[in-house]
Amino acid sequence: MKNTASKNGVSARSLAPEKQLQTLCDVLNDARQPERRDAFLALWKRWLAAGSLKQMVADDRRLWRDVSEAWNPCLMYEGNGAAWGVSVIPSDSGVPATAEKWAIEDFALLMLNPMRDNLRGPCQRPSCQRYYIKKRETKVYCSKRCGNAASASRSNAALDKAKREALLKSAAKFWPQWRVRKHPNRSFWIADRVNGSHVRMRTKNGWKPVRVISGKFVSRNAVAIQELVQTQVQARSQT
């Protein structure tokens with residue numbers, strides 16, 4: 001028996017539920033058909049917000065009719081003696097094949113899929129945003145590559161924060177030492193002292209040199225530096 005599929009291979013027959021779900025996921029990631037993709041995405045998000053198909057179509061009789069009539073039941077021979085299974089085929093409604101019609105068929109097929117709750121997305125990596133099939137409860141990235149990239153980004157952010165804190169701490173040490181006669185510009189004088197002191201920061205791999213700074217860095221962080229100075233003064237007064 002021939003496989004009956006809708007546009008771009010979204011099929012209701014001869015496909016395991018996980019493969020069928022992947023074809024639907026591919027529709028959500030298909031930039032070649034933005035109208036169909038967006039219409040399907042809108043229906044899927046509406047279903048998620050409602051919590052159930054019954055609640056979703058409660059006040060939309062037209063949507064319920066379109067979804068319920070999108071596919072028709074069909075007996076399919078399983079190849080094991082007298083074993084027959086029930087599958088579905090697209091209904092011949094005579095409605096023009098618009099992006100909205102395809103989206104209705106995609107959504108109805110999703111509702112028939114026992115693994116429909118595993119469709120997730122978008123990927124939490126900002127530069128990706130693809131939809132994916134959930135393989136574990138805590139999965140928030142579409143692939144291991146995106147997960148590793150996001151982890152590296154968080155590590156870099158933490159490293160940058162540690163570098164900034166080390167530089168601010170060094171600048172706070174020199175802040176009270178500045179005098180006008182030494183240099184007319186406090187920010188540039190402090191930046192020169194910080195760079196000359198070869199600031200280092202502790203990492204999991206040992207001590208690491210911190211990049212040099214400019215007078216602009218000191219100017220932009222003047223408030224934070226002065227707060228550190230006050231904290232250091234208070235700490236010394238309490239000891």
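## Confidence and overall make-up

The chain has a mean pLDDT of 81, with 80% of its residues at 70 or more. Residues 1–5 fall below 50 in pLDDT, although this stretch still has 14 contacts in the model beyond near neighbours in sequence. Where pLDDT is low, predicted coordinates should not be read in detail. The whole model is predicted.

Nine helices and six strands are found in the chain. Of its 239 residues, 36% count as buried.

## Nonpolar cores

The largest nonpolar core holds 27 residues, of which F40, W44, F107, L110 and L119 touch the most other members. At least two residues of this core come from each of helix 1 (17–28), helix 2 (34–50), helix 4 (61–68) and helix 5 (99–112). Helix 5 gives the most, with seven residues.

F40 shows how this part of the chain is connected. Leaving aside neighbours within four places in sequence, F40 is in contact with L24, V27, L28, A103, D106, F107 and L110. Another core lies apart from the largest one and has 21 residues, including L168, M201, F217 and V218.

## D38 in helix 2

D38 is a residue of helix 2. Its relative accessibility is 40%, so D38 counts as partly exposed, a class that runs between the 20% limit for buried and the 50% limit for exposed. The C-alpha atom of D38 is 7.6 Å from that of L28, and the two residues are 10 apart along the chain. L28 is also one of the residues in contact with F40.

## The second largest pocket

The second largest pocket has about 240 Å³ of space. Its lining is made up of 12 residues, and A166, K169, S170, V199 and R200 are the closest to its centre.

Helix 6 (144–174) and strand 5 (200–203) each supply at least two residues of this lining. The most come from helix 6, which gives six residues. By residue type, the lining of the second largest pocket divides into five charged, four nonpolar and three polar residues.

Methods. Residues numbered from 1 in each chain as written. Predicted model: local features only at pLDDT ≥ 70, side-chain atom pairs only at ≥ 80, totals over all residues. Heavy atoms only, no water. 1 Å grid on protein atoms, 1.4 Å probe; cavity = no way out; pocket = protein on both sides within 12 Å on 5 of 7 lines; lining within 4 Å. Points joined across faces, edges and corners; volume = space filled by probe spheres on them. Helix = DSSP H or I, 4+ residues; strand = E, 2+ residues; numbered from the N terminus. Nonpolar A, V, L, I, M, F, W, Y, C, P; charged D, E, K, R; others polar. Core = buried A, V, L, I, M, F, W, Y, C linked by side-chain atoms within 4.5 Å. Buried < 20%, exposed > 50% of the residue type's maximum accessible area, 1.4 Å probe, protein only. Contact = heavy atoms within 4.5 Å. pLDDT = per-residue confidence, 0-100.
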